Every structure is written in structure tokens, then in C-alpha cells.
Amino acid sequence: MGFVQSPNMRSGDFLEGMLSDYVGGKTKVKAHKNGSSRLVTALTCLQFAFAVYATFLMYYMSPVVDLRTKPDFTWATRIARNMKQFIIPPHVLGRYQEAASFIRAEIPPITPSEVCENEKIDFMQKKSNDVQMIKLKRELYDEILDFQSKSISTENLAELMAMKSKWDMPGPNRPKVTVLLNHFKRKTLCSQLDSLLQQTLPFHHVWVLSFGSPNEHSLKRIVEGYNDSRISFISSSYDFKYYGRFQMALQTEADLVYILDDDMIPGKKMLQILSHVAGTEKYKNSVLGSIGRILPFRQKGFTFPSYRKFRSKEAGLYLPDPAYDITVDKIVQVDFLSSSWFLSAEHVKALFIETPFTFLTGEDLHLSYQLQKYTNAGSFVLPVDPTDKETWGDSEHRLAYVSETTVIFKDIVQVRDDQWWRALTTGYVTQWAAMYPQKIDALFYAHSVDEVKALAPLLEKFRSTVGKKAYIVVSGGNFCPCEDAAAALNWPKLVCKERRFKISDLQIGALSRTSNSEVPVLQAVYSSMKGLIKIHNPSVVITVTDIDPNVKKALKMASETNANGTALVLLPRPSVSKVLWMADLRSTALPNWNRMKLSVNIITQNRAPSLTRLLKSLSDAYYTGDEIPISFNMDSKVDEATIKLVDSFEWPHGPKTLRRRIIQGGLIRAVSESWYPTSDDDYGLLLEDDIEVSPYYYLWIKYALLAYHYDPQISLPELSSISLYTPRIVEIVKERPKWNPTEFFKRIHPNTPYFHQLPCSWGAVFFPKHWREFYVYMNMRFTEDAKANPVQIPKSRTNGWQASWKKFLIDMMYLRGYVSLYPNFPNQASFSTNHMEPGAHISAKDNVVRHDKADFEVPLLKEDFRPMLPNGKLPPASKLPSLNLFNQPVSLKGLKAAGAKLGQDVLRCDNATEIVSVDHVTGMPQQCSKFL
């Protein structure tokens, strides 16, 4: 067996010819009689020749075998050398390599026309003929446009393009834009790439993404067909679903990213329009798109419908909506964008601050929600030029109907409904919330179930009070699950699922499930509460004083963001059930909760046991979490026991100040100089050391100030002080008859508070403006001889008082018609009492008046006073009775008339119609003012 070789043919040429004839199928063997058998024989020989050739070639070229040196293989060496003449020389192999390269070069490259596929659209754009729905949607859209045109001043496309932009086309700054095209089944890639390649603003990169797509191979061939180094194909057999494209966007080094669904074919001017708008000062902190949605509005029953509810105006809007002939001719802010997103690469990070509600859907809402929550960024649908389709971001809306969308599935609709409701109840300010800002009285916050239980009595009081609104926010997650909070409040767990404002679950764990840092908690509470406060405009945010310090900081910062004024109320747990009267205050008064600054000012000298009793009563009282400075004012003759007591006393509610005179000043100076206001919200409680206070004294002061002084709807310029004490006698009448206000006012109400022209010296809070006025008045009228005083009130014992600061205050209040507010409870039970212990006045040698302790010492209120008030609350100011110095009923106007008639003030005024008015900053008298 062998190869037939022509004498004049080289072995290499002979084999090459055989190969070419065989491979090419052009056999040159002449046909004989037995042609078939000869052909079979020839092919068999050829196969054998190839086998021998391949065997020896492999052996000869083996790196392990050295044919020249291995003696054991001399047989193989000889055969190999003899067969060498049949092996194709290297230059022949090279010719075959060149031929292969030539063949490849001759194959034409793939062109888009060869690989592109296009969706077949053989139907018209869907149009609704539902007259009612068209009317409802148009009405809602017009309301939204009207609101936004007034609140944010919307622009049409021409106006937007006329705005100054960082990315103006003629300028040197051209943005780098990375476009991400996410593809699964639709056959639209070529249409998108064609549009992007013709953009008036060239793109930087295009990333075609194929995650788990059954069309991966064809998509890859399309990208290869375009043969553009700026266009890349990125694929994965794993389906990263809707969030994957945003995860990829994090990798870009471009200035801006444009993320498109596979049903969006942008017009050729879109990149230029989007970049220009994104570069303006007004919209630089925004995400822009071509399709958006307005989330549901609240229904009449105070619930929210599904966003897919049919024939409902409150279900929201899809914008633009060709089915209802709704086009966007002015930029419109929406609650979230769909199908396309244009934003800065930096803003993409916001999508991943919180763990999404689900990865199965809803990335569109989650992006807008997170951007607003953490960067204050808005979501906007750009307007179009209806005559120029190249300005449209969605130039072929029918593509949306080509492939079935998941958002119409019932289970997906439910998930998305749950998602947007969760966003709204954790601070997402939707267009409904912006258009219809709510007004509630109180928003409670609890970070644990124990805090829910502590706040429950006050929350229930607010919710059960007619005309009041209050909701509670809980941290959620592992801190305070909504269901546990509902159980603690004896509410059905269903409240956690209802689309109705009552309880909000922040689900704090969604931010960082494994972090031990306080930062995620602080950030989540602050950002959510900031939004909720903006939505509901509560007068107060209420929580407990001992809440986590970081949560307290977050609540404080969130409350301060509300321009309408929201006060953060931090209540000690024991006081929560004692301040149920908060629910009876007007919403206009509640924001002033923290405005007042009360200081306790104690006048003491050498009654250490009395002072000990007073300090204990102050320490045992209920407080509302306010800072309350305390000062001790000691005359020069203070004893050692008092100094040590004052020095060792610990006051947890504020700073402690000690003052000691060098020269003995006496009681008139000790009291009047013990306090001077630092602002118009600074109030002074003056207490001599033989006074004792009720546990409710501070709550009475706080309640009265908020009800009668810090309510903008109430004007009481005559009110100059609030008494803690209820007198049992008529003090300024010579006979000092006994007096019982409970009996006196029984026709009105036995326990009504009342106004009295007599100031109290046995526990009272003095107002800053009137105290400044009193300082100036006493300075102008002080005389050592009481008889030389020009003010002589008819039938008043005060005319003969000598070393008494109270005498000058009585004179001023009488002349100018001022009053003090007094409590009135059974048996004259009060918020302070006077133990009538020996001092500068009581039992003094020069005091001819003898005092019966029973006439002055009254019982202290040891139980909550609120239930004893008329209807369980402080009456309106207009319903309070007023008395003159002699305990006679006189109107406030009548009190002023009596002072004007006396005509003995520092300025001469009309005795019938005028009294002195002062500069409340300096206390100096300015002019005479009419009071009628």
C-alpha cells in the first residue's frame, strides 16, 4: 500500500494535490470500467496515508521524544526519517494559514440590517370613550397643574430651554451621558440604538444590559453589528430584574445617566433637552423622565384607594396618558417616574440607602421616594413640543402594549399598593400631601413598646377629644413592631394594614438590619419624621423624656424643619397622665409649648427647716421636661445652716444660682431684686422659704400660660401674674373678712378660676413685661414714709403699708387695670400654702396686726386638679369672672375705669377714658392711651 506519485512531482506537491482534490471534491481520476471499486480503494489508501502521516507527525514533533538521541527508538527514527518526505513542509502550512485569513477577510462584517428585529405594531393607540373617566382625570390634572403653577411656577419646553444651564450646547461644557438599555423580550434594541446614534447631543457610552433574557444571543449580535466602541453589551444568566440596571449605573464615570426601558424610543433631541434641564439651577437636584404617576388622593372616608382603582378620581394619574388625551405641555412634578430616568450618577446611590420593600417590583417608586427623603430631590415629567416628535421621550407609546406588563397582575398591584402606602406613612410627601397639607394637633412617637404604653393615656385623650386629631408613629422593625404597638393600645392589628392615618410604622430595620451604629437609626428617624411633620403639620410632636438620645436628636431636628411651627414635647413618664389637659388647648397654643422659660427664685435667710420643706416639695412635683433654673437669694445675715443646705441641694431640672448680699437689704429689696426677666418669655416664680408647693404647681402654671397667654386667639394684656395660692380673707380691707371663692362663684361654677386685682405674695408667677413696668414704677414712687406716697386707694389698708414691695405692685395694678389669675378649688386647696412662720412681717415687733394661721394656711392639692375644673378644663378667658381689690365683681374695663378715675399715676391722663401705657422693653411710661 502506498501513494501514487509522479516522477516529476515532489512528495509535498503530490500530497497537496491529493488533499485539494479530495477536499474540493474535484477528483481528477479517470473513469474506468471498475470506477466505483477503484474510488473506494483510493479513498481507503488515502485514509491510511493520513493515519500514518498523523502518527509520525505527532511523534516527530513531541517535546518529550528526541529522535536523534534515544537509542531505544531507532526503529521509529528510521521510519520517521523515511516518511519525512511525505510531511507537508512548513511553508506549505503557512500558505494554508494565509488562505484562511484571506477567507475570513472576504466574509463581510455583520450589519444592523442583517441582525435587527423590530416589533410589529398593527394596532392604533388605545383611546377611552368613557366620558366620566375622561372628565375625572382631566379635572384632577387641571387641579394639579393649577397648584404647581402657583407653588413652583412650571415651564413649557421653550421656557425650559431658555433657562441658563450648566450644560448649554454652545458652551464648552458638554456632559458625559451614559445610557443604559435594559432588554428582556421586546425587539426594540435597534430602534433605540438608531435614535441614540442620531442624538443632537452625542452620548458618552451605551450599555446594553441583558439579565436572564431568552434573547441574549440576538441582543449580543445586534451590539456587534453596530460595531461602535462606545456601545457595550453586558449580560448575565441571572435575572437581576428591575434593580440591576441601577446597580450597573453606579459604575459609570459619566456626569449623567439615562436609564431606559425597552419600550422607550427617545426622540433625537432628548439627550440635549434632558441635559439642559438637568443643568439648570432649578432642576439640578431632580430626576427627569417622560412618563410619571401621581399617587392616590384621600377619599371622603379618610381612606386611600388602590392606585389601579377604576373610575376613581382619587386613584391618581398616569402622565401623559394618550388613552385620555392628556399630554404634558408644561413640566409637572410627579410622585414617581416610569420607563425612563435621567439623573446625576451621584443620585443613583440614593436608591440603595434603604433596603427596598421588595426586589420584585417598584424600583420606580423607591427611587423617587429615596431621592426626596434623603436629598430633597423632586421627580419631573418633561413637557414636549406636540409638533416635533424628536422632543418626545416616548415616541412610540404603543410599544407599551406589545408585551404584557407585570403591573396589571393582581398580586403585583397589591405589592405596589403596599409599597406606596408604606412610603406615604414613612414621610413621602406626595402631590396629594403637597396640595392638601393636613393639620393635626399631636404626632406621638414611640421607639419601644414600653414607650407606647407610657404615652397611651395622653394619646387616647387627644383621640377622644372632639375636634382633635392625633396619630402615633412607631419605630417598627425589631424596636417596636406595629402589631405589638397596636396591641399595647388595645387597637386591632388591622390598623397596621389599613390605608388610613392612625399609626405609622417606620420599619427602622429596613435601613440597616445588621448595623450596630446609631447613625442609621438617627438618619431613618429624622428623614421619616421630617416628611411626616411636613405632611401632617402637627402642633406638637410628643414623646418621653428618657427616649434614646439619638432618637431625641432626630426628633428635635425634624421638628425644627417645619416652617409652620411644631414643638417637640418631651414628657417625663410619671407626668404623662397628669397633662391630659394638653388635649384641651387650642392647636394655635400648643406650638408655644417650649416658648415659656420659668425660673424658680427663692428668698431665704435663716429658716433652714422651712427651706428644707420647700425644696422637698419642689423636688417632688411633676414637671414637663422643661429646663427650670433655680436661684437662691440670701441676705447678708444668712446663717450657716442655710448656706450648707443651699450648697448641697441638687436640682435636676436646670442650673442653680446662688446670690448673697454684702449689705442687708431687707425684704423689699430681697424680693423685688430676686429676679429680672431676660426676655418676653422669661417668667419668675417668687417663693419665700416658708412657702410649700403642691406636686401640681408647675402643671397649673404651664396650663394657665398656654391657655390664657400663649394662645394667639386670646388677648389678655391685663393679665400680669398667675397665683398658686387661693386667699381665705379679703386682705386689703381693715376688718379682713373671711372669703370663700367656691361659695362666691357657685352660680358660675364652684371651681372656676378667676381674675383678681390683688397680686399674690405667697407663691406667684410674674410676667416679664409687667415686672419691668413694676421696677420703673416702684423706682419713681418709692418713699421711706408711706404717707408721702401720692397714691391713696380709697378704703384700702395698703395706704399705710411701709416696707412692702407688694404695696407698690398693688398701686400700679389698681391704676392701670391689671389682674392676676387665681385658682379656686374646694376648701381653698391651692398649689401653694403659707405656713406663717416668723420672719420680716409675721410676728415682727413693729407689726400691730396679729395673724391667725388658719386664715392663711390652706391645704395643698395632692390630686389631679383637671377633673375639678368646669367641664374638666380651663374655661375660655371670656368666661372668667374678675374682681377688684375689695373682692367685688367688676369687668376688666371697669377696673381700668376705676384706676383712671383715681388719676394718681405717674402721668396725668384723662380721668374718664385714659390710662398710662408703657414701653414693654424698658418699662418706662410713654403716653396716655384710651381704654374705651
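Which cysteine forms a disulfide with Cys116, and how far apart are their sulfur atoms? The partner is Cys190, and the two sulfur atoms are 1.9 Å apart. A disulfide here is a pair of cysteine sulfur atoms within 2.5 Å.

Before going on, a word on the source. This is a predicted model, in which local features need pLDDT of at least 70 and side-chain atom pairs count only at pLDDT 80 or more, while totals for chains, interfaces and linings use all residues. Residues are numbered from 1 along each chain as its sequence is written, and side-chain values use heavy atoms, with hydrogens and water left out.

Back to the first bond. Helices (H or I, at least four residues) and strands (E, at least two) are DSSP runs, numbered from the N terminus. The link of Cys116 and Cys190 is left-handed, with -95° about the S-S bond. Cys190 is buried at a relative accessible area of 1%, whereas Cys116 is partly exposed at 21%. For these words, buried means under 20% relative accessible area, exposed over 50%, and partly exposed in between, using a 1.4 Å probe and protein chains only.

How many disulfides does the rule give? The count is three.

Another one joins Cys482 to Cys496, with 2.1 Å from S to S. Its torsion about the S-S bond is about -95°, so this disulfide is left-handed. Cys482 is in helix α16 (residues 482-488) and Cys496 is in the loop between α16 and β14 (503-505), 14 residues apart. Cys482 is buried, at 3% relative accessibility.

The remaining pair to show is Cys909 and Cys928, whose sulfur atoms are 1.9 Å apart. The torsion about the S-S bond of Cys909 and Cys928 is about -80°, so that disulfide is left-handed. Cys909 sits in the loop between α27 (892-902) and β28 (914-918), Cys928 in strand β29 (residues 925-930), and 19 residues separate them. Cys909 is buried at 16%, and Cys928 is partly exposed at 24%.

If you number the bonded cysteines in sequence order, the pairing is 1-2, 3-4, 5-6. Cys480 is in no disulfide, and the nearest cysteine sulfur, that of Cys482, is 8.3 Å away. Cys480 is buried, with 0% relative accessibility.

Next, the aromatic rings. The structure holds 51 aromatic pairs. Rings of Phe, Tyr and Trp (its six-membered ring) pair if their centres lie within 6.5 Å; planes under 30 degrees apart count as stacked, over 60 as edge-to-face, and the rest as tilted. Why is the pair of Tyr683 and Tyr710 edge-to-face? The planes of these two rings are at 70°, with the centres 6.2 Å apart, so the pair falls in that class. Tyr683 is in strand β20 (residues 682-688), and Tyr710 is in the loop between α23 (697-708) and β22 (719-723), 27 residues apart. Tyr683 is buried at 0% relative accessible area, and Tyr710 is buried at 4%.

Lys137 lies over the face of Tyr324, 5.1 Å from the ring centre. The charged end of Lys502 sits over the ring of Trp491, 4.5 Å from its centre. The rule is that NZ of Lys or CZ of Arg is within 6 Å of the ring centre and within 35 degrees of the ring normal.

Last, the core. In soluble globular proteins, nonpolar side chains tend to be buried together. A nonpolar core is a set of buried Ala, Val, Leu, Ile, Met, Phe, Trp, Tyr and Cys residues joined through side-chain atoms within 4.5 Å. The largest one has 214 residues, and Ile542, Met582, Leu618, Tyr697 and Phe865 touch the most other members. Helix α23 gives the most to this core, with 11 residues. Apart from it lies another core, of 37 residues, including Leu157 and Trp167.
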